[in-house]
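Here is a short briefing on one structure. Please look it over before reading the points below.

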Amino acid sequence: MAKILAIVGTDAAAEAMRQIDPEVVAVYPITPQTAIVEKFAEYVAEGQVNTEMINVESEHSAMSACIGAAAAGARVMTATSSQGLALMWEVLYVAAGLRLPIVMANVNRALSAPINIHCDHSDSMGARDSGWIQLYSESAQEFYDNLLQAVRVAEHPEVRLPVMVCVDGFIISHAIDRVEVLEDGQARAFVGEYQPLPGYSLLDAGRPVSVGMFDGLYGYYYEARRAQEEAMARALEVIRQVGEEYGRISGRSYALWEEYGLEDADICLVALNSACGTLRSRLAAWRERGARIGLLKLRVFRPWPEEQLRERLAGFKTVAVFDRALTLAGNCGGPLYRDVAATLYGLPHPPQLVNYIYGLGGRDLTLTMVDAALKGLTEETKEKPVRYLGLRV
Amino acid sequence: MATLAELSNRRELLASGHRLCAGCGAPIAVRQFLLALPPEAQVVVCCPTGCLEVSTTIYPYTAWRCSYIHNAFENAAATLCGVEAAYAALKRKGKIEADFRFAAFGGDGGTYDIGFQSLSGAMERGHKMIYVCYDNEAYMNTGIQRSGATPRGAWTTTSPTGQAQAGKREGRKDLTAIMAEHNLVYVAQASISHWRDTVAKAEKAWEYSKEGPVFVNILSPCHRGWRFPMEKTIEVARLAVRTRFWPLYEVEKGRWRITVDVANPLPVTEWLKPQGRFAHLFRGEGNQEVLRAIQEDVDRQWAKLLSRCQGGAV
């Protein structure tokens with residue numbers, strides 16, 4: 001029987017990590033991720049996991065150690081936030097380029113400056129092109145569920161890419177939520193015992209291997225990058241299959257995105273993470289009053305489900321994208337908006353596109369702000385497509 | 001210690017055919033270390049970005065007959081921590097039987113400078129590995145730029161000589177002593193010119209690396225960067241020892257000991273003169289000050305080392 005717990009988001013991640021029982025966890029504390037490290041350290045101290053935990057001296061070393069451990073054939077996890085993810089940036093590419101199935105929990109937090117510990121998505125969006133799969137989680141429940149699934153996706157022989165599971169800092173990481181967890185045996189059976197690819201482990205005695213070799217002047221870099229792109233494309237189907245399989249054991253199945261009220265809508269909101277809960281609750285009221293607005297909660301941001309999204313979004317009159325990060329390209333909106341815009345480009349009758357920037361540096365997304373946004377979408381307005389919610393003037 | 005005959009019969013783990021320069025000190029250092037590896041043990045080698053890395057693993061070829069990993073420039077120690085932790089975890093689970101040892105071979109750039117943080121962290125946390133710095137006193141792979149290991153007065157492309165400056169203005173970082181202050185089980189300073197001393201230290205290093213982290217700094221001259229004929233590598237390395245510029249010593253469980261005594265040292269100029277990177281110091285009269293400062297550095301360092309050995313020189 002599954003257990004129902006009242007725990008904060010970071011404990012949900014630590015619980016998933018306890019059940020996964022990775023062979024190596026290399027991690028450095030950073031707000032608001034710290035509570036994951038602390039909780040997991042307790043599990044290590046109590047002997048509840050069989051993990052070698054390395055309390056490294058920086059996030060750069062955390063990811064570096066993860067790379068060494070994964071190349072040695074171990075199942076590996078880490079967790080970070082914000083500046084920590086930024087400090088890992090260089091080696092995020094190495095992890096992906098070496099095709100190492102590392103799983104990371106990223107508690108989304110703003111990047112400096114000004115220094116700010118609260119939620120926004122500039123950290124994971126900064127790692128957008130590093131070759132990591134990125135899954136987003138609305139709640140502590142989804143954070144837990146996504147982490148278990150991430151192990152299967154990362155290690156799938158068709159994929160072999162690192163996976164980052166994102167959740168909103170403080171809003172979810174530090175709020176108590178109802179979380180239904182699998183039985184230990186059930187979770188362990190789902191993730192399975194890790195089998196490194198034969199011939200790829202540094203610790204395969206008698207079969208030495210060189211990892212991370214120099215590409216020379218005109219070597220295979222181009223082909224290797226192209227192969228990563230292919231693996232990323234294959235990951236979409238694997239993520240879908242793993243999400244379905246997870247549904248069969250947990251009763252909560254996962255797809256590339258989740259829809260709310262889209263069946264009769266002519267306006268579609270697109271958003272990531274915890275804002276989806278706020279949007280959904282406000283949409284319920286608007287829909288009762290006859291507004292034809294729905295929500296597409298995107299779970300899989302990398303790989304980007306381009307064809308699927310183009311098909312799904314093509315028929316709407318308006319698509320409004322909610323971004324908790326800016327691209328800083330000069331009033332060109334947020335990263336999610338720009339990906340959606342690129343996806344819809346070339347359609348014979350593309351939907352009108354609007355971008356709402358909200359919640360940078362942890363600024364609340366209030367119901368009033370959502371109302372203002374929905375009003376702007378349903379009434380005639382001369383506002384530009386990139387609009388800011390909750391910005392002080 | 002293994003005899004020369006025994007060593008010569010061991011299988012070389014760094015194969016010939018790598019693309020390091022003829023006369024390079026780095027592969028000599030690596031081979032002296034790997035020959036001392038107990039024959040029954042397996043080893044995983046990690047190199048940070050640098051000469052050794054780019055020259056031994058040009059895909060799809062590898063010169064390594066053992067497992068090898070390169071990650072980036074500043075994280076060889078952290079990467080090897082991960083490998084070592086994986087070994088500990090997998091061994092505990094009974095997934096691995098073999099006796100594995102772990103060694104990083106990094107140049108001074110990846111060790112004294114950009115890799116220093118991850119090195120210090122790995123040593124402090126007690127990961128069972130040996131970290132060997134092959135010290136050629138500058139960033140050689142990218143064309144001879146100054147590093148924290150570059151000696152005072154040396155010309156490099158980023159510490160050039162000119163009207164206002166005679167090579168590097170500052171002295172070198174004493175990394176070996178800094179690592180000793182990490183209270184490691186074993187720390188040593190060696191030179192490729194003294195192979196017997198080096199192999200003896202390497203044997204101890206492998207043995208102690210079963211207990212905790214070990215650091216060895218080995219002088220590995222670079223004829224391209226130091227500007228001397230390629231066949232003089234060993235000779236120049238020996239002069240560094242004979243002038244007390246590069247003392248050979250070890251710190252075994254906290255006990256400092258000079259392993260090769262230099263009772264009648266040559267003046268440091270004997271080490272500087274054969275090297276083109278110091279040639280400007282011997283032109284005209286203007287650089288006597290710098291020469292004097294270099295000799296003072298050497299004397300001060302030697303006196304400090306003696307006091308650490310508490311008069312316990314050989």
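Over the face of which residue does Arg302(A) lie? Arg302(A) lies over the face of Phe301(A), and the distance to the ring centre is 4.4 Å. The model is predicted. The points below cover charges over rings, aromatic pairs, cysteines and the build of chain B.

**Charges over rings**
- Phe301(A) has Arg302(A) over its face, at 4.4 Å from the ring centre.
- Trp286(A) has the charged end of Arg289(A) over its ring, 5.2 Å from the centre.

**Aromatic pairs**
- Over all chains, the whole structure holds 21 aromatic pairs.
- One of them joins Phe33(B) and Phe105(B), with ring centres 6.3 Å apart. Their planes stand at 75 degrees, so this pair is edge-to-face; the cut-off for that class is over 60 degrees.
- This pair links distant parts of the chain. Phe33(B) belongs to helix H2 (residues 25-35) of chain B, and Phe105(B) to strand S3 (residues 100-107) of chain B. The two are 72 residues apart.
- Phe33(B) is buried, at 0% relative accessible area. Phe105(B) is buried too, at 1%.
- Trp64(B) and Tyr68(B) form a stacked pair, because their planes are at 20 degrees and the cut-off for stacking is under 30 degrees. Their ring centres are 5.4 Å apart.
- Trp64(B) is buried at 4% relative accessible area, and Tyr68(B) is buried at 0%.
- One aromatic cluster in chain B is formed by Trp226(B), Phe228(B), Phe245(B), Trp271(B) and Phe278(B).

**Cysteines**
- The search of the whole structure finds 0 disulfides over all chains.
- Cys119(A) is in no disulfide. Its nearest cysteine sulfur belongs to Cys166(A), 10 Å away; a disulfide needs the sulfur atoms within 2.5 Å.
- Cys119(A) is buried, with 1% relative accessibility.
- Cys309(B) is buried, with a relative accessible area of 5%.

**Build of chain B**
- Chain B has 12 helices and 10 strands.
- The radius of gyration of chain B is 19 Å. The globule rule gives 20 Å for 314 residues, so chain B is as compact as a globular protein of that length.
- Along the principal axes, the C-alpha atoms of chain B fill a box of roughly 70 × 45 × 40 Å.
- Of the 314 residues in chain B, 59% are buried.
- Take the contacts in chain B between residues at least 6 apart in sequence: 70% of them join residues at least 24 apart.
- Chain B exposes about 12,200 Å², and carbon and sulfur atoms supply 50% of that area.

Note on methods
Residues numbered from 1 in each chain as written. Chains lettered and ligands numbered in written order. Predicted model: local features only at pLDDT ≥ 70, side-chain atom pairs only at ≥ 80, totals over all residues. Heavy atoms only, no water. Phe/Tyr/Trp six-rings, centres within 6.5 Å; stacked < 30°, edge-to-face > 60°. Helix = DSSP H or I, 4+ residues; strand = E, 2+ residues; numbered from the N terminus. Buried < 20%, exposed > 50% of the residue type's maximum accessible area, 1.4 Å probe, protein only. Lys NZ or Arg CZ within 6 Å of the ring centre and 35° of its normal. Rg over C-alpha atoms; globule rule 2.2 N^0.38 Å. Contact = heavy atoms within 4.5 Å. Areas by Shrake-Rupley, 256 points an atom, 1.4 Å probe, with all protein chains shown as cover.
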